Amino acid sequence: MHLSLVTSATEPLPHAPAPPPPAAPPTAHRAPRWSLPALLGILALAAVLYAWNLSASSANGLNSFYSAAVYSGTQSWKAWFFGSIDAGNFLTVDKPPLSLMVMGLSCRIFGFGTWQMMLPQIGAALGTIWILHSSVKRVWGHAAAAIAALVLALTPITVAINRDNNPDTLLLLLMVGGAALALRATRNGRLLPLLGSALCFGLAFNTKMLQGYIALPAVFAVYLYASRLGWARKIRNLVLAAVVLAVSSFWWATAVSLVPADERPYIGGSTDGSAWDLIMGYNGLGRVLGGEGNGGGGGGGGSFAGTAGLGRLFNDTLGGQISWLIPFAVIALVGGLVLRGRAPRTDLTRAALVLWGGWLLLHYLTFATAEGTMHPYYTTAVAPGIAALCGGGGVMLLRAFRADKRWAWVLPVALGVTGIWAVVLLRRASGWNGWLWPVIALVMAAAIAGLLVLRTASGTRLRLFAAAVAAAVVASVAGPAAYSFAEPFSSGAGGGMGGTNPTAGPTTGDGMGGPGGGGGGRGGFPGGGEMPGGGQQQGGGPGGQDGGQGGMPGQGEGGQEGGFTPPNGGGEMPGGGEMPGGQEGGEMPGGGETPGGGSGRRTGGGGMGGGMGGSVDSDLIAYLEKHQDGAKWLLAVSNSQSAAQIILSTKKPVISMYGFTGSDQGMTVAKLKKLVKSGQLHYIQVGDSGMGGGMGGGNDVSSAVTAWVKKHGTAVKASAYSKSSSKTSESSDTSDTSSSLYRLDPSDVN
């Protein structure tokens, strides 16, 4: 591969006056024999990274929030369409449901389980690599495409998120597909690829809302400037594309709004139960500007990704996840633009540089400066821009390095900076593969020396030059590759927080995710930030509750405040609930294991179940099932992670009253009265202890509901269902009077 690359360096210099654009792209010539095997090898490598030991990863915990919604979608088409967390359709997840729909269809066909859920995720991840390879190949050739595909496949945070059921994997496929189609429309002037691009970005919007639009300004600006069509036709085509974009973006929100509010579930993450509020607030500008309540998670995004600022993507939290090749990509972008400086307006190479450079810049600025909720795995969206620039821009620098002595210093500097930054990142992971950074430093130094000595080599010496190029590539990707391989091949597979906050590689920084970084890496539990699915937690639970009694799901009394790093990537939560890594996956219908990480049911009292991968109280669940008395919902709890874990354990609908943040006003006194009077709900868990009350419930509506329940409901003593509580009550002088579980019957409604 590298030999054919360097032999092509004799073409005219890009910085010279450019000839008319070629009639056919570089791929029109016969592909080198190594091209297809190289692509297939990279795809095979990626498949191993994304799928190997996936069952162990699921034991650490896929995101139970999304797992429960997928399961509910297999039980109810209405839940499938709305993205409801429960099959009874009381409340939805806080994202549009496209990703859940795809996973739900897979589980309807093959049965519900980890592999069935993850098949479309892995397929989407491999599809993204293939599309990027194809797009880069059409502009820069086969060698550049192979490098781009390899960089994308080995990006650590991309490996972590592709082993999870979060929507970012499908989001990336649609965005990269949209960018590739827009570049094709720019090249051939046809309308259909442009409309396909708009469709892809619209579907991306229905995967994660406004995040799907981040690259749009660069994509359509390139088409508007670089297309060979006349201005009238370009404007007409863009107007048609805008129509397709609008229809494909807003069809779901429009359909939801056409359903009367009392006939649809409450839209999780919104302040008024509407999809439009979710678009503009929690999943819109609130993510960038921050805010209170549902405004994107408040101003605590730094809890998971470090303090907002231009250097955020290089900090202790995010640096090892995404930043390895950003310096090289930026140098390649600038160098490539200078080399194409005198090219015609329609030059495809410059158009591709602007598109992928704009992709990188727009995503970087958005994630670096976001004041709202910011997770490390969001940065997987930066990876395609980095990969394309490393491949295409890197090849341009190599050719200029060979052909013009004025450019002889640029590539060595770019490689030197890459090697130095890799050493810095690896040294942050103190004690983790300490041999690796000296090896990378030596290999990179030798590669740069070889390039300089053999710059003008020809004949038999050209093979030595190709070896130096290969060594430079290996040294550049060795660091991210080590982080990536730690995912499927380590005992703590699944990342720092499993499905909740997946990350790759070792723990770095202070492990807290506070200002300056930290929080990334295996076993790390950031001391604040977003709970599964998007709820914000800083110190205590959402809604302003501190980590007091029952402050964390599944921990019973003695809540947790600040950071917690479980030993060996797992273990027990205070109060008995297991953390990710300390539980076994129960068998599910269709042969899969329990997605979301629950071990099925936990014996013993205290708590209701861990939305953070914890388990459920089997005694209490058995009691609820025995006394369900025909109710539609088994139980109502305060937060979505609690409801999700119980749904996955019991396969029965459970109400999440206030969503993740505790700001959702899904349950009101009027709604509760209606449900109780109709016999659809008998049991509700409130207060500051147990699974239902510790997280969520931080608003005036929830306070009114709690007051009404305590006034009209009948408290269920723990001794009624817990053997351990019964023994404690019998052996002590104190009576069992405290309870967070209440029974409500139609006769209790006035």
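This is a predicted model: local features need pLDDT of at least 70, side-chain atom pairs count only at pLDDT 80 or more; totals for chains, interfaces and linings use all residues.
View 1. Val 239 belongs to helix H13, which covers residues 231–258. Together with Trp 231, Ile 235, Val 243 and Val 247, Val 239 makes a nonpolar surface patch of about 490 Å².

**View 2. The salt bridge between Lys 208 and Asp 168.** The whole structure holds seven salt bridges. One of them joins the side chains of Lys 208 and Asp 168, with an N to O distance of 2.7 Å. This pair connects distant parts of the chain, 40 residues apart: Lys 208 is in helix H11 (residues 191–208), and Asp 168 is in helix H10 (residues 168–188). Lys 208 and Asp 168 are both buried.

**View 3. The salt bridge between Asp 404 and Arg 406.** The closest N and O atoms of Asp 404 and Arg 406 are 2.8 Å apart, and the two residues form a salt bridge.

**View 4. The salt-bridge network of Asp 629, Arg 743 and Asp 745.** Salt bridges link Asp 629, Arg 743 and Asp 745 in a network. Arg 743 is buried because its relative accessible area is 15%, under the cut-off of 20%. Asp 745, at 22% relative accessibility, counts as partly exposed.

**View 5. The packing of helices H17 and H20.** Helix H17 spans residues 326–339 and helix H20 spans residues 410–428. Their axes lie 8 Å apart, and the helices pack at an angle of about 160°. H17 and H20 are therefore roughly antiparallel to each other, the class for angles over 145 degrees. The crossing of these two helices, H17 and H20, is right-handed.

**View 6. The packing of helices H2 and H7.** The axes of helix H2 (residues 35–51) and helix H7 (residues 114–140) cross at roughly 150° and come within 10 Å. H2 is therefore roughly antiparallel to H7. In passing H7, H2 makes a right-handed crossing.

**View 7. Asn 89 in the loop between H5 and H6.** Asn 89 is not a glycine, yet its phi is positive, near 65°. The residue Asn 89 sits in the loop that runs between helix H5 (77–82) and helix H6 (98–110). With a relative accessible area of 11%, Asn 89 is buried.

**View 8. Asn 433 in the loop between H20 and H21.** Which loop holds Asn 433? Asn 433 is placed between H20 and helix H21 (436–453). Phi of Asn 433 is near 45°, again a positive value in a residue other than glycine. Asn 433 has a relative accessibility of 32% and so counts as partly exposed.

Terms used
Residues are numbered from 1 along each chain as its sequence is written. Side-chain values use heavy atoms; hydrogens and water are left out. Patches are made of residues with over 30% relative accessible area and no salt bridge: like charges are joined within 9 Å, nonpolar side chains (Val, Leu, Ile, Met, Phe, Trp, Tyr) within 5 Å. Accessible areas come from the Shrake-Rupley method with a 1.4 Å probe; for residues, only the protein chains shown count as cover. A salt bridge is a side-chain nitrogen of Lys or Arg within 4 Å of a carboxyl oxygen of Asp or Glu. Helices (H or I, at least four residues) and strands (E, at least two) are DSSP runs, numbered from the N terminus. Buried means under 20% relative accessible area, exposed over 50%, partly exposed in between (1.4 Å probe, protein chains only). Axes are lines fitted to C-alpha atoms, for helices over the stretch in contact, and angles run from 0 to 180 degrees between N-to-C directions. Angles under 35 degrees count as roughly parallel, over 145 as roughly antiparallel, 65 to 115 as roughly perpendicular and the rest as oblique. A crossing is left-handed if the near helix is turned anticlockwise from the far one by less than a right angle, and right-handed if clockwise.
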